[in-house]
Amino acid sequence: MEVRSGSLRERRQALIERADLRGDVFCRAYAAVADQWLGGVCEKASRHVRRVALLAVGGYGRGELCPHSDLDLVLVHDDRGDVSALADAIWYPVWDEGIHLDHSVRRPNEVLAAAAEDLRVALGLLDARLVWGDPGVAGRLAAAAKAQWRKRLPATWLPALSEQMAERWARHGDVAFLLEPDLKEAHGGLRDARALHAIATGAPDLARSADLKAVEDAAATLLFARVELHRGAGRALDRLVLQEQDQVAGALGHADADALMAAIATAGRTIAWACTNAWRKRHRWEPGHAGGIGARARRRNAAAKTDVLLDEPGLLLVEGEVAVGPGVEIRSDPVLPLRVAAVAAERSVPIALDALRRLSDSPPLPEPWPEEARGALVRVLAQGHRAVDALEALDHEGLLVRLLPDWELVRNRPQRNAYHRFTVDRHLLETAANAAALTDRVSRPDLLLVGCLLHDIGKGLSGDHADAGAALVGRVARRMGFAERDVATLVSLCRLHLLLPDTATRRNLEDPATIDATATLIGDREMLDLLWALTEADAIATGPAAWGSWKAGLVAELVSRVDNALAGEPADATPPVCPNERYGDLVAEVGVHGRPVVQVEPPKVVVVAHDRRGLLASVAGTLALHGLDVRSADVSTDAGVAVEVFVLDVPRGRLPDVERLRGDLDAVLAGNLDLSGRLEAKARAYAGARRPSTPHPVVPSVSIDVGASTASTVVEVRASDEVGLLYRVSRALFDCGLDVVSARVSTVGDAAIDAFYVRDGAGCKVTDPVLLEHLERAALEVLS
């Protein structure tokens, strides 16, 4: 396709508007248009300049020019004359087009000198291509640059690449497992694919460690997505953010964003796997290794570097990798893949590629599994994070799905909210890895590890993932050969895996009804210990927002109270100190001066004021106005004075200004500050600046539980986490004639899940069906 007229920007836009130009087809078309336009610019400006060449390097040189990629150009001149005027005549028109430009002007020897010192320059030159000018200048430089790359690869560039890639991976994570992966920079991204090809240019033996055709196909998948990401966003954007995933999926013909992200994960895994396997053999081409690049000597020395593992019949350690001995009858040993993975994890070494390929000949495990197979699985999982690499290796060759067919349900399955950082399958592996450090807290480490591996398996099914998963876990556990009692435990671990964190953050732990209900569901102390360890391992694997000192403390308090109940120990009969007594001096101050008193006890804020209807809503709204997020609120009233204790989530240690907070609260209570209006304005401003962490809005819901508390009715609301939500719902409940005596606030991604303990005007639990229906409608109205 040719676009020969107009400015470069107009020509690019014409290509962008062509819906039939996708992926590398678009990139090559845009590169050709850019070549043509730049050639015309150069012809006009180069009347008397000879022996000069304009080279495209890097992505432009490869013809991988996405809609908003930079133009990487080098003006090379072998002329004693001044080429600065020519350079300006080329660069300024590009800048006038608004196209980003990475440029330099150098003689060939200067280019080679820069490439000898700068990895980025050296890599870019490997893809150098003539755009305009003297082919001889361009050809000689390209050949010299490649020769220099090959020469310097072992001693200089392999160590530099190793450092650069490690830094990139640490900063950007993995394409395959992240909610919003960076298609270019992350592990398994386009830059890794190009690094493999660069290494192949100078180390063909190293390149043979990777399937470069599979890498190229995977890179094409990522490039297709990157082109559509640029096209849809209208700017250079390499992070596949949530709000762009639907349009990219539609443009590329995927059924939905989940299908797109599964394809992205598969591509990222392919590149990462090839890169990791090639990279771990780099020592063979580094200086000092026998034979240097392409060393044949290593084959002669392989026997000297082989260890027979006496405690693992048939397995060898060859050059630091687990291998299968030549005489092993793989076709008759269904447990061998798990045993190989266990040895690799225990010794913290990789599984040899040849061994993985040979293991594909192993037969399926019988049903139920033999005890040796269960033991081997537990051996792997018990190695913690070292197990992840071993199981990922099995998964790459399709062996994990053969061992656990239901793994296919969650393999590469995205979790499309920012609360989770990993795909479902990687989350399960990470949870089990975290649990390995907690096995000393439980009586059945095997059930903890397997339970963690399977706890979210239901996310590959429709309906509630805990209930759907529990039914599936029962079938998987029986297939694994667990005894029926153990099957029941694993099923309960799956069904109840959210019980502790949800109860701890959404219910009043001092309410006996909460503890009794939780203890009844859990049943015994062994299950309690297992659930506690699973909760911690699961939350840590979920992401930083899912586990912190606040939640850990609440869960520990709940576990302690439930443990006492399960042990038959009486609840603490000592009544808690009434807040009005604890803060007696503040109560007295209010009685003397009349004004509200505010006291900060990090992370608590205590407000004491004359009691009035809607006081909790007013204080909560004032705290929200000051940018303070409430975790819980408790109210105590005596002799007309209310003590309200708020536990805050204080961002970065920021505490409220007590005098400003007290002044605003005075104004609110006196009717001199439009709290609703100010909060609405703040919410609008915040919503405009805030990027959603889920692609679809949270559907508001209200549920009412009359039996969850001995003295109150619990109203639980779920809605988008917005400024002033606690204030709005509290105000709506107040307008229904109800008192809020405590509240618990939690967030999951973009969703706020708030529980309100309410009583009627007489201080009693609300049970009237008419009033319950009324308050449900009122709460839903403010949520909408």
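At the start of helix H30, a side-chain oxygen of Asp 657 comes to within 3.1 Å of the backbone nitrogen of Glu 659. The model is predicted, and local features need pLDDT of at least 70, side-chain atom pairs pLDDT 80 or more, while totals for chains, interfaces and linings use all residues. Residues are numbered from 1 along each chain as its sequence is written, and side-chain values use heavy atoms, without hydrogens and water.

H30 covers residues 658–669. Helices (H or I, at least four residues) and strands (E, at least two) are DSSP runs, numbered from the N terminus. At 1.5 Å a residue, the twelve residues of H30 should span 16 Å, and the end C-alpha atoms are 16 Å apart, which agrees. The expected span is 1.5 Å times one less than the number of residues. Gly 671 follows H30, with a positive phi near 80°.

Elsewhere, three strands form an open antiparallel sheet in the order S5-S6-S7. Strands pair if DSSP finds at least two bridges between them. Strands S5 (306–308) and S7 (321–324) are the edges, each pairing on one side only. Neighbouring strands are turned by 35° against each other on average, direction ignored. Four bridges join S6 (residues 315–318) to S7. Val 318 stands opposite Glu 321 in S7.

Helix H14 (residues 336–347) packs on this sheet and touches S6 and S7. Contact means heavy atoms within 4.5 Å. The direction of H14 makes about 155° with that of S7. Axes are lines fitted to C-alpha atoms, for helices over the stretch in contact, and angles run from 0 to 180 degrees between N-to-C directions.

Conventions
A polar contact is a pair of N or O atoms within 3.5 Å; within protein, one must be able to donate a hydrogen and the other to accept it, and residues adjacent in sequence count only if both atoms are side-chain atoms.
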